[in-house]
Amino acid sequence: MASETTPPVEPQVDNTVTAAPVTWESTIKGYFLPSDVECMLNAGGFDLSDKDDVSAYAPQIYVRVKNKTMPKQMPPFTQQNPDPAHPLWTDEMCANFKGWMDGGFP
Ligand code: HEM
């Protein structure tokens with residue numbers, strides 16, 4: 001005899017951050033805009049267009065994007081009111097960067 005209760009619906013949980021594997025070529029290098037590269041060559045002395053430099057500075061980069069103090073906003077924009085054309089990183093971007101670090105910079 002059929003139960004009167006509806007069987008529970010399995011929740012459709014997607015635990016993946018991004019379906020494709022996160023690599024420098026597929027994902028990470030696209031996170032840095034030309035203006036980021038230019039600014040940080042001057043202000044940081046490292047090259048955000050260079051995989052080896054980004055790998056070497058990855059912990060510092062991660063802290064700054066995660067706490068939203070980078071990419072630095074230029075007036076009239078502020079970290080609290082960022083330029084839509086140069087937004088702060090989303091949680092997914094930060095998680096992908098962290099995964100790329102933890103995975104040994106593929
Ligand atoms: C996603 C983009 C960016 C990342 C990951 C990034 C990362 C960083 C990091 C890790 C530092 C600390 C460097 C150190 O301790 O030696 C830093 C400092 C700095 N960055 Fe960036 N940056 C980005 C974009 C920008 C942009 C667009 C500008 C200019 C408009 C900028 C200007 C500066 C300046 C002036 C400093 C030194 C002062 C400070 O620490 O706040 N950055 N950045």
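# Chat about a predicted model

Colleague: Quick one to start. Is Q80 buried or exposed?

Modeller: Q80 counts as exposed, because it has 8 C-beta neighbours inside 10 Å. The cut-off for exposed is 12 or fewer. Keep in mind that this is a predicted model.

Colleague: Where is the place of Q80?

Modeller: In the loop between helix 3 and helix 4, the latter spanning 91-102.

Colleague: And how many Å apart in space are Q80 and T69?

Modeller: Their C-alpha atoms are 9.6 Å apart. In sequence, Q80 and T69 are separated by 11 residues.

Colleague: What about the bond that joins P75 and P76?

Modeller: That P75 to P76 bond is cis too, with omega about 10 degrees. P76 also sits in the loop between helix 3 and helix 4.

Colleague: Why point these out at all?

Modeller: Because most peptide bonds are trans.

Colleague: On to phi. What is the phi of K68?

Modeller: Positive, about 65 degrees, and K68 is not a glycine. Most residues other than glycine have a negative phi. K68 is in the loop between helix 3 and helix 4 as well.

Colleague: Why does K68 count as partly exposed?

Modeller: Because K68 has 14 C-beta neighbours inside 10 Å. Partly exposed is the range between the exposed limit of 12 and the buried limit of 20.

Colleague: Now F105. What is its phi?

Modeller: About 60 degrees, so to speak on the positive side, and F105 is not a glycine either. F105 lies in the segment after helix 4. With 15 C-beta neighbours inside 10 Å, F105 counts as partly exposed.

Colleague: Switching to the ligand. Which residues come nearest?

Modeller: C39, A43, M70, P71 and K72, out of 16 residues around the ligand. P71 is the residue at the cis bond from M70.

Colleague: Which helices each supply at least two residues of the shell?

Modeller: Helix 1, residues 34-43, and helix 3, residues 58-66. Helix 1 gives the largest share, 5 residues.

Colleague: How does the shell split by class?

Modeller: The shell around the ligand has 10 nonpolar residues, 3 polar and 3 charged.

Colleague: Next, packing. At what angle do the axes of helix 3 and helix 4 cross?

Modeller: Roughly 165 degrees, and the two axes come within 10 Å. That makes helix 3 roughly antiparallel to helix 4, since the angle is over 145.

Colleague: Is the crossing left-handed or right-handed?

Modeller: The crossing of helix 3 and helix 4 is left-handed.

Colleague: Which residues make the contact?

Modeller: From helix 3, A58, Y62, V65 and K66. From helix 4, C94, F97, K98 and M101. By class, this contact has 6 nonpolar residues, no polar ones and 2 charged.

Colleague: Last topic, the whole chain. How many helices and strands?

Modeller: The protein chain has 4 helices and 0 strands. From the N terminus on, the order is α-α-α-α.

Colleague: What share of the residues is buried?

Modeller: Buried residues make up 8% of the 106 in the protein chain.

Colleague: And what share of contacts with a separation of 6 or more is between residues 24 or more positions apart?

Modeller: In the protein chain, 51% of them.

Definitions and conventions: Residues are numbered from 1 along each chain as its sequence is written. This is a predicted model: local features need pLDDT of at least 70, side-chain atom pairs count only at pLDDT 80 or more; totals for chains, interfaces and linings use all residues. A residue is near a molecule or strand if its C-beta atom, placed from the backbone, lies within 6 Å of it. Ala, Val, Leu, Ile, Met, Phe, Trp, Tyr, Cys and Pro count as nonpolar, Asp, Glu, Lys and Arg as charged, and the others, Gly among them, as polar. Axes are lines fitted to C-alpha atoms, for helices over the stretch in contact, and angles run from 0 to 180 degrees between N-to-C directions. Angles under 35 degrees count as roughly parallel, over 145 as roughly antiparallel, 65 to 115 as roughly perpendicular and the rest as oblique. A crossing is left-handed if the near helix is turned anticlockwise from the far one by less than a right angle, and right-handed if clockwise. Two residues are in contact if their C-beta atoms, placed from the backbone, lie within 7 Å.
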